[in-house]
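Q: Could you take me through how to read side-chain features, beginning with the surface and then turning to the aromatic rings?

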Amino acid sequence: MGHLGAFLFLLGALGAVAEICEIPEVDSRLVEKLGQHLLPWMDLLSPEHLNPSIYVGLRLSSLQAGTKEDLYLHSLKLNYQQCLLGSASSDHNSHCQAKPSMGQLALYLLALRANCEFVGGHKGDRLVSQLKRFLEEEKRATGHRGHPHTSYYQYSLAILALCVHQKRVHNNVVDKLLYAVEHEQHLHQGHLSVDTVAMAGLAFTCLERSHFNPSQRLQITMAIRTVQEKILRAQTPEGHFGNVYSTPLALQMLMTSSTSHLELATACLKAKAALLASLQNEVFQNTLVISQLLPVLNHKTYVDLISPDCLAPRVLLGPATETFSLTPEIISVTLKVLSIVPPYKQSVFVLAGSPLEDVLKMAHELGGFTYETQASLSGPYLTSVMGNAVGEREFWQLLRDPDTPLLQGIADYRPTDGETIELRLVRW
Ligand code: B12
């Protein structure tokens, strides 16, 4: 190659670098503020509050929580080992309310990897076997029922977690996910869940980078491309992929792409602008979503857990300075449930800035309204309204009148004066 050839090659290479999905530096004060949201949750060490996603998010971020982090990992280990490995009759798991799900076990394994540990030893092997067994059961369920008991999101998480621990899964387990991605309706009953597609994409990317399932290499590469296209097509005019809360995982997925193309780079820049605006408006309140966003702001993704950098310098988080207080103003919110006979409708008064959960509590105190929740990694999940518990593949959807599904759960969404909230039993 002559001098000119070499020069053009270099220019091309530089161009390529600029055409991948990059998230330029974000103001460190904004990032720190996000991290501070996680700190109070790290003091909650009871089984229903422990959240391996928080640990993963922090370790892949530019921030650290000092000794709190070590204590948190220790508590995760105690809890997950006892709840998953303790025999049913022993005292060990008497504090376990429910056995961790496939997805929770997968997140726990990601947490171990985020601390540069590989699962090993007798206990570790049993956890790996358990996760593989979960996947096998789910694979069978998709054969019979067309969908897993849990979700393709958790199915993907499980493949990803095994992959970063260098554990292989059978081709036919991967096949089910490949099929679901190519036939989108199987992923999330009809509509596209960007989070789910993104998680599937991260799992495939790990398999590709680790040279696992070599006989499926071509399909895996094609599925990665399909995922990318689906995410890009889901970009909103403001720049989010899907919605603001699926953008972190979508970006994680797009950031793993090493092939350069202009459409990708432009979409990422637009998403970055949207993300910045959301950060400034303090739109990110939920711990789980924050834990998925922090790696992005540090140019990291879950795929980096293949070989994490545990020595990278991270800034120690200081305590948050409390800035807001509830305005002592009373607002009226109407709660309605039409999925039951007779339908329910009631206006309640709460303090301005109160979460929807307070509206439910108030309606309950007034009488005539009952509900139940279950702790989850995203917060309290509404499982039953007026004695109607959700059946298989049903959920109580939260909507703002007339027909806008909320993008937040009952603990995070704060209704405004005069708003009507509907709780609707729907299939998913
Ligand atoms: C699958 C899924 C669902 C399924 C869950 C059923 C199932 N069996 O899997 C369905 C479709 C029912 C669902 C419902 C809702 N979801 Co959803 N869901 C997800 C998704 C894609 C994966 C969750 C998961 O499996 N996590 C992994 C496992 C290991 O964690 P887990 O805590 O054990 O999982 C349970 C909880 O996540 C719970 N769950 C699911 N969604 C939500 C939302 C909230 C707010 C809570 C508290 C719990 C919860 O169901 C999971 C299975 O049991 C996430 C995406 C993401 N980025 O996390 C969105 C996500 C968590 N959901 C979201 C929302 C907004 C909702 C709804 C509030 C929508 C609505 N308007 O009604 C409802 C929940 C209402 C209620 N009853 O409280 C948002 C939350 C954003 C935020 N700011 O917190 C996310 C991030 C999607 C998004 N990008 O908008 N969801």
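A: Let us begin with the surface, bearing in mind that this is a predicted model. A nonpolar surface patch of about 310 Å² is formed by I330, F349 and L351, and of these residues F349 is placed in strand β4.

Q: Is F349 buried or exposed, and why?
A: The general idea is to compare the relative accessible area with a cut-off, and exposed means over 50%. F349 has a relative accessible area of 55%, and it is therefore classed as exposed.

Q: How many aromatic pairs does a search of the whole structure find?
A: The search finds five aromatic pairs. One of them joins Y344 and F369, whose centres are 5.2 Å apart and whose planes make an angle of 35 degrees, a geometry that counts as tilted. This pair links distant parts of the chain, since Y344 belongs to strand β4 (residues 344-351), whereas F369 lies in the loop between α15 (356-366) and β5 (371-376), 25 residues apart.

Q: Why are Y344 and F369 both classed as buried?
A: Buried means under 20% relative accessible area. Y344 is buried because its value is 8%, and F369 is buried because its value is 1%.

Q: Which residues form one aromatic cluster?
A: Y344 and F369 form this cluster together with Y371.

Q: Where does the charged end of R113 sit, and where does that of R393 sit?
A: Here one looks for a charged end placed over a ring. The charged end of R113 sits over the ring of F118, at 3.7 Å from its centre, while the charged end of R393 sits over the ring of W428, at 4.1 Å from its centre.

Technical notes
Residues numbered from 1 in each chain as written. Predicted model: local features only at pLDDT ≥ 70, side-chain atom pairs only at ≥ 80, totals over all residues. Heavy atoms only, no water. Phe/Tyr/Trp six-rings, centres within 6.5 Å; stacked < 30°, edge-to-face > 60°. Helix = DSSP H or I, 4+ residues; strand = E, 2+ residues; numbered from the N terminus. Buried < 20%, exposed > 50% of the residue type's maximum accessible area, 1.4 Å probe, protein only. Lys NZ or Arg CZ within 6 Å of the ring centre and 35° of its normal. Patch = residues over 30% accessible without salt bridge, like charges linked within 9 Å, V, L, I, M, F, W, Y side chains within 5 Å. Areas by Shrake-Rupley, 256 points an atom, 1.4 Å probe, with all protein chains shown as cover. Salt bridge = Lys/Arg side-chain N within 4 Å of Asp/Glu carboxyl O.
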